[in-house]
Amino acid sequence: MQSAIVLGGGMIGVSAALHLQRRGWAVTLVDRREPGRETSYGNAGMIQAEAVRPYAMPRDIATLLKIATGRTNDVRYSFSSLHRHLEPLLRYWWHSAPKRHREAIEAWARLIAYATPEHEILIREAHADNLIRRAGYRLLHRDAAAFELAIKTAEQNRADFGVNFRVLSGGELAKAEPLLRDDLPGAIHWLDTWTVSDPGALVTAYSELFQRLGGRILLGDAQTLQQTSSGWSLKTDNGPIDAANVVVTLGPWSPDLLQKFGYRIPLVRKRGYHMHYSGGPSLDLPLVDTARGYAMGPMAKGIRITTGAELTGPDAPATPVQLASAEASARELLDLGKRAEPEPWFGTRPCTPDMLPVLGPAPRHRGLWMNFGHGHQGFTLGPASGRLLAEMMSGETPSIDPTPYRPERF
């Protein structure tokens, strides 16, 4: 029986472990915490079938100046930490040129096509359907010109990739949601996306399925990983474990581990915050406020507001300025109620400069595999990328061409 250690208990790691297990592998999942407690816990709770275009970096001077001068809530940066991000940001800007972005879209959309079908299998097997709603989400626009442009882009996405949507006027949106105003231009209702009432609970359900099927979950420190004559060894709270293969699914912490084996993988590390609110009327579906750079959606703990990207140091204290701005913007739209937690949650999203995940074998170490860097869509793409990785590791013909995601491209 082939054996593997999967390092990282988020959506990516748990999904990869399940797909390997399905192919007869003996798999041990190792993390420093219980599954689903890091980045997979703190997202907007959407499995985004419509997200066929990875997020490109703005290239027009006006938008870049807005970001640089702090006049947008999508992106905030700490000047003292900017040097950490400069090289991957420059690469990100280069890859965001129209021709290179089109190439990224082609590779990205092939993975996205498997997102909901692969989640569907795991949801059913994990008995987690109570966490899922299959009714889409709404993309709110405050500017009429931006709304018209967004409709054209949506129409192009429907023509190119078959994604479904409906255009709502401001009045229709106000009737569908408990909004305090009906003077907005409108919204795009993306119909194919699924929403999750508790993202962490979905990862937990998948991990419990993995255990029911015979998988082991242990606590341990990924930095203790060592190559041996027969494969790989790692120290855990239960003692050392060995396997012929190891899969690095540590999200933003992956490059730190891989650096000790001589791999330098650039990442744009985007910190995000969230907070729950209770006491006001609930939203029907998640609502993304494009102009103000945040999302809010109904969750088990109340309405969750999730922010955009903060570029800061990995150990920097919380500076939830974006959250405060998002909360103020949300209160213009509806009665949020009160904060349900004393402090906001925050975590880091790992984004590669070319907007594609790092997925495949390490070029210089037998039995070392990588699966991370899914940007804002790790929660969406966990089962799809887990399937592709397991196919590669098992010697099967991959369901899609894995070449664009190969680690050696860096």
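Arginine 133 sits opposite threonine 195 in strand 9; strands here are DSSP runs of E with at least two residues, helices are runs of H or I with at least four, and both are numbered from the N terminus. Keep in mind that this is a predicted model, where local features need pLDDT of at least 70, side-chain atom pairs count only at pLDDT 80 or more, and totals for chains, interfaces and linings use all residues. Residues are numbered from 1 along each chain as its sequence is written, and side-chain values use heavy atoms, with hydrogens and water left out.

- Three strands make an open sheet in the order 3-9-5, with antiparallel pairing (two strands pair if DSSP finds at least two bridges between them).
- At the edges are strand 3 (46-47) and strand 5 (132-133), each pairing on one side only.
- Strand 5 pairs with strand 9 (residues 194-196) over two bridges, in the antiparallel sense.

**Glycine 136**
- You'll find glycine 136 in the loop between strand 5 and strand 6 (137-141).
- Glycine 136 counts as buried because its relative accessibility is 0% (buried means under 20% relative accessible area, exposed over 50%, partly exposed in between, with a 1.4 Å probe and protein chains only).
- Beyond its neighbours within four places in sequence, glycine 136 is in contact (heavy atoms within 4.5 Å) with residues including His189, Trp190 and Thr195.
- Glycine 136 and tryptophan 232 lie 96 residues apart in sequence and 43 Å apart in space, C-alpha to C-alpha.
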